[in-house]
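The stops below are given in order, with what to select at each.

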Amino acid sequence: EESSSSPLETDATAAELNENPRNSGLALMLDDGTRKSHSMAENTAFVSGFFKGIATQSAFANLVTSLYFVYQAMETEFDNASDASVKDLDYTELRRVPSLENDMEFFYGPDWKNAITPTLATKKYVSRIQDIAATQPELLIAHQYTRYLGDLFGGQMMGGMASKSLGLEPGQGTSFYRFDDIKDTKSFIDTWYSNLNKLDLSAEQKEAIVVEANLVFALNIDILEELEG
């Protein structure tokens, strides 16, 4: 099972296009269409939930455990996907399960697989991923967009905050937030957006992806609101 090669190796990079890919196409639709989800009220819920998540090591372990189940479901479906659009946006450098497995072992020890169970909100999130993979696989693009790009934009900062709050050494329990194979985050994201805009999708499919992206944001808030703190 192989993911696509690095977007930085593709012919049409954002630099060659000499334009910001976020200003057109599905990239613009997603950024504009999810703006309400990123409003002050929703951002407050997200930030307060994350701060609960880094208040104690047990809370943070619970958060990372939920993310493990979510990404395991996502990346299993990417491996099984036949939809060309999903495949085109799936890059080895973005995959999170190997990093999350490292974090699981840090928090729970070598027998971690027998020590974890998904929460109710996590089960709901995983079920949604599995349902659309079976019925409308192009909607997985919304999950790629919302999670992976959010991880890239904010991961380094959030991982650093978690390490500082919990007194962890860099990388201990926070491997999830590190993208060691992506050397230039901005260039990678720009090229990902460029490739997003090239996908052969109908207007109806694009609208459905925007709706799904807002649902993904809500599913993530639900996971954060379960945390104790």
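Which side chain does a polar contact of 2.8 Å join to that of Arg 95? Select Arg 95 and look across to Asp 79: the side chains of these two residues are joined by that contact. This is a predicted model, and the distances here are read from its atoms.

**Stop 1**

Arg 95 sits in the loop between α5 and α6. Its relative accessible area is 14%, and the cut-off for buried is under 20%, so Arg 95 counts as buried. The contact with Asp 79 is also a salt bridge, 2.8 Å from N to O. Asp 79 belongs to helix α4 while Arg 95 is in the loop between α5 (84–88) and α6, so this pair ties together parts 16 residues apart in sequence. Asp 79 itself is partly exposed, at 24% relative accessible area.

Asp 90 is buried, with a relative accessibility of 2%.

**Stop 2: a pair inside α8**

Select Arg 147 and Asp 151. These residues form a salt bridge in which the closest N and O atoms are 2.6 Å apart. Both residues lie in helix α8, four residues apart, about one turn of the helix. Are they buried or exposed? Both Arg 147 and Asp 151 are buried.

**Stop 3: helix α6**

At 1.5 Å a residue, the 12 residues of α6 should span 16 Å, and the end C-alpha atoms are 16 Å apart, which agrees. Colour the buried residues of this helix: Val 97, Ser 99, Leu 100, Asp 103, Met 104 and Phe 107. Turn the view to look down the axis of α6; the buried residues fall within an arc of 150°, so they line one face of the helix. What do they pack against? The buried residues of α6 pack against α4. Just after α6, stop at Gly 109, where phi is positive, at about 90°.

**Stop 4: the nonpolar core**

Nonpolar side chains tend to be buried together in soluble globular proteins. Here the largest nonpolar core has 65 residues. To find its most connected members, select Phe 60, Leu 63, Tyr 71, Leu 94, Trp 192 and Leu 196, which have the most contacts inside the core. Helices that each supply at least two residues of this core are α2 (25–33), α4 (57–80), α6 (97–108), α7 (120–135), α8 (140–166), α9 (185–197) and α10 (203–226). Which helix gives the most? That is α4, with 12 residues.

**Stop 5: Leu 94**

Finish on Leu 94, one of the core residues with the most contacts. Leaving aside residues up to four places away in sequence, Leu 94 touches Glu 75, Leu 89, Tyr 148, Leu 152, Phe 179, Ile 182, Phe 188 and Trp 192. Trp 192 in that group is also among the residues with the most contacts inside the core.

How values were computed: Residues are numbered from 1 along each chain as its sequence is written. This is a predicted model: local features need pLDDT of at least 70, side-chain atom pairs count only at pLDDT 80 or more; totals for chains, interfaces and linings use all residues. Side-chain values use heavy atoms; hydrogens and water are left out. A nonpolar core is a set of buried Ala, Val, Leu, Ile, Met, Phe, Trp, Tyr and Cys residues joined through side-chain atoms within 4.5 Å. Buried means under 20% relative accessible area, exposed over 50%, partly exposed in between (1.4 Å probe, protein chains only). Contact means heavy atoms within 4.5 Å. A salt bridge is a side-chain nitrogen of Lys or Arg within 4 Å of a carboxyl oxygen of Asp or Glu. The expected span of a helix is 1.5 Å times one less than its number of residues. The arc is that of the directions from the helix axis to the C-beta atoms. A polar contact is a pair of N or O atoms within 3.5 Å; within protein, one must be able to donate a hydrogen and the other to accept it, and residues adjacent in sequence count only if both atoms are side-chain atoms.
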